[in-house]
Amino acid sequence: MGRPKKSSVENPKAKRKPSAPKQVQDAIERHRADEAVAAKEEKTQKLKTSLRATTSAICLDLEKTLGQQFSPGFVKAMSEASYHYAESVVKDVEAFRKHAKRAAPNVDDVKLCTRRSKSLQRALGEFSDALVTSRVADNVKPTKAKEPVAAAVDCDEVEALENEESDLDNALFADDFDDMS
């Protein structure tokens, strides 16, 4: 006689978890989705603002170098185009990474994105070679696939690479302006 018999009728006193009506659940899901979209848009705006400031600084440098002025509309359009180009490159790099079945993208994936622009391909190749050379000289081991790339780079190396990068940028812009003439 140890166990009581199970009743086929549900115990009305048993505590049931109240379920919200379907409309309330849908409203909660829409609210969460709206919050996620708003957070993404805010992050995108911050990135675009930062890119616009950087584009403006580059244009100011070019104004001094070329003796040519750029309108605020030009700077805004250039930064917007740069943002959309970067989005496109990131999607392409991700596709190349997946195709190669790698855990993380590498320089080769980025090089594949530049295959249509010879001057960009050349500059990226020089930058990549300089990065490898500086790592060999500093005896820095390549990063593992699961580590972020920035984790293996120290501040002095970043500063040196930025100086090299600005030289490459100047060479790139010079090639691009030569192509326009």
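**Charged pairs**

I started with Glu80, which is partly exposed at a relative accessible area of 27%. Keep in mind that this is a predicted model.

I looked for its partner next: Glu80 makes a salt bridge with Lys48, and their closest N and O atoms are 3.0 Å apart. Glu80 sits in helix 2 (residues 72–99) and Lys48 in helix 1, so this pair ties together parts 32 residues apart in sequence. I checked Lys48 too, and it is buried, with a relative accessible area of 17%.

How many salt bridges does the count come to? I get 4.

Another one is Lys46 with Glu42, with 3.7 Å between the closest N and O atoms. Both lie in helix 1 (residues 22–66), 4 residues apart, or about one turn of the helix. Lys46 is exposed at 56% relative accessible area, while Glu42 counts as partly exposed at 48% relative accessibility.

I also noted Arg102 with Asp109, where the closest N and O atoms are 2.1 Å apart. Arg102 is partly exposed at 28%, but Asp109 counts as buried at 0% relative accessibility.

**Rings**

I found 1 aromatic pair in the structure. Phe70 and Phe74 are stacked, 4.9 Å centre to centre with 20° between the planes. Phe70 counts as buried at 16% relative accessibility, and Phe74 as partly exposed at 34%.

**Helix 4**

Just after helix 4, Asn139 has a positive phi of about 60°.

How values were computed
Residues are numbered from 1 along each chain as its sequence is written. This is a predicted model: local features need pLDDT of at least 70, side-chain atom pairs count only at pLDDT 80 or more; totals for chains, interfaces and linings use all residues. Side-chain values use heavy atoms; hydrogens and water are left out. Helices (H or I, at least four residues) and strands (E, at least two) are DSSP runs, numbered from the N terminus. Rings of Phe, Tyr and Trp (its six-membered ring) pair if their centres lie within 6.5 Å; planes under 30 degrees apart count as stacked, over 60 as edge-to-face and the rest as tilted. Buried means under 20% relative accessible area, exposed over 50%, partly exposed in between (1.4 Å probe, protein chains only). A salt bridge is a side-chain nitrogen of Lys or Arg within 4 Å of a carboxyl oxygen of Asp or Glu.
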